[in-house]
Each structure stands twice: as structure tokens, then as C-alpha cells.
Amino acid sequence: MSGTLIWYVAICRRQAWLMGHAIEPYREHELLALGRLLQETAYPRQRKELSLPGMKVDLITPRDGDALLIGEVKRSPRMQHAQRLQLGYYLLRLREAGVTARGELRYPEQRVVEPVELTPELEAAVRAAVREVEGLLGEPVPPAARRIPACANCAYYEFCWIEEEPGSGASPVRETRGGVRRRPRASAEEGL
Ligand code: SF4
């Protein structure tokens, strides 16, 4: 389990399954590269990255009052429901480890900061997402690909949809439940 999987499952269950089975997306995808650059360069004076199993927090600031402040740096609030779940998962993990923390979603390009607290509602949503990921990863094949707005910027786009592009020579199948099977040579090593 990881915060990243919580984020993915809130956007696309297929994406979460692929990531959870180590079928990694194309790492040089433009938006992934931009996201990494932002995380590496934003807020340079603040202590960076807390890495624990299943969680990698972008920013940590010294205790603010009596609570540790952790932050996630994002390019835009467009997927804020997923971002809140991811940060809520980290807050829950820290609380279970005896650490009181509060969170912030940071959007340096928009100069916006969104506070996130682990309310009972957010905790319930996080626990539901954890259960969903656990169930999903036990499934032998990924959920079918379904067109959603997030597909346009998804690093798995080619994996899910390239056979449907004009001129690809493939039949116009809309749902590719056998997507992995239909591209048997696809693997993380091949730079998906
Ligand atoms: S391209 Fe679309 S269906 Fe495929 S993993 Fe990404 S969001 Fe999900």
C-alpha cells in the first residue's frame, strides 16, 4: 500500500492496478517530468521529503505549534479529491505512528496553499480507498480501460489506447480489458 496508489485509485482503478503490478508508466512523460521538477525545485528552503515504506512526503517543516506540517507539491488542484486522499493517507499513517501532523497541498504555480486536516470524513474516505486498493490488487487482470478526462494527460495513454489511434491498424475496440495480454511484450523495462 502506498499514498501513490491511493492517489491513483481515486482517479482511475486501471491506473492503480497497473502501478500496483509494477507496470510503470513512461517515466519521461512530459507531465511526470514536470511534476518531478516542481517537487525538486519548489520551496527550496524547506526540509524535503520524508520517506517511509509506502509514503514519500514532499515537504516537512519543523513543528508548527504542536503539530508537524507536511506538504505535497502539486501542479494544479484539478485532481484535488485524489490529492486530499493521498495526503490524508499520510496523515493517518503518521497518526498511527503517534505523530500529530497537519497537511497542506501546495500549488506553487498558482501560489495557492490548501490546508488538509484528517477529519473523520477524510479518514473514512482514506480507509475506504485503502480497502479498494487492497481488493483491486488481488484481481488477476486490470479493470477495463474507460475513457475519462484524465486519459488525455495519463502516462499510460499509449498503453491503454494507442491501438485505437487512427492508422494504428487495430480494430476499434473501446474497452481493452485484455490490454496487458494484447501487448505481451509491454513491461516497465520497455519504458511504458
Ligand atoms: S489512459 Fe485512461 S484508462 Fe488508461 S490508465 Fe490512464 S486514466 Fe486509466
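Here are a few notes on this predicted model, from the ligand site to the core and one loop.

1. Start with the ligand. The residues around it are Cys 12, Arg 14, Gln 15, Ala 145, Arg 146, Ile 148, Ala 150, Cys 151, Cys 154, Tyr 156, Tyr 157 and Cys 160. Helix 2 (13-20) and helix 6 (157-161) are the elements that give two or more residues to this shell. By class, the shell divides into nine nonpolar residues, one polar and two charged.

2. Next, the largest nonpolar core, which has 33 residues; Ile 6, Val 9 and Ala 16 touch the most other members. At least two core residues come from each of helix 1 (3-11), helix 2, strand 2 (55-64), strand 3 (67-73), helix 4, helix 5 (120-137) and helix 6.

3. Ile 6 deserves a click. Leaving out residues up to four places away in sequence, Ile 6 touches Leu 85, Gln 86, Tyr 89, Val 126, Ala 129, Val 130 and Val 133.

4. Helix 4 (residues 80-96) passes a length check: at 1.5 Å a residue, its 17 residues should span 24 Å, and the end C-alpha atoms are 24 Å apart, which agrees. Buried residues in helix 4 include the run from Gln 83 to Leu 91, and Leu 94 is buried too. After helix 4 comes Gly 98, with a positive phi near 85°.

5. Last, Pro 108, in the loop between strand 4 (101-107) and strand 5 (112-116). Val 73 is 35 residues from Pro 108 in sequence, yet their C-alpha atoms are 7.4 Å apart.

Key: Residues numbered from 1 in each chain as written. Predicted model: local features only at pLDDT ≥ 70, side-chain atom pairs only at ≥ 80, totals over all residues. Near = placed C-beta within 6 Å. Helix = DSSP H or I, 4+ residues; strand = E, 2+ residues; numbered from the N terminus. Nonpolar A, V, L, I, M, F, W, Y, C, P; charged D, E, K, R; others polar. Expected span 1.5 Å × (residues − 1). Buried ≥ 20, exposed ≤ 12 C-beta atoms within 10 Å, placed from the backbone. Core = buried A, V, L, I, M, F, W, Y, C linked by C-beta atoms within 7 Å. Contact = placed C-beta atoms within 7 Å.
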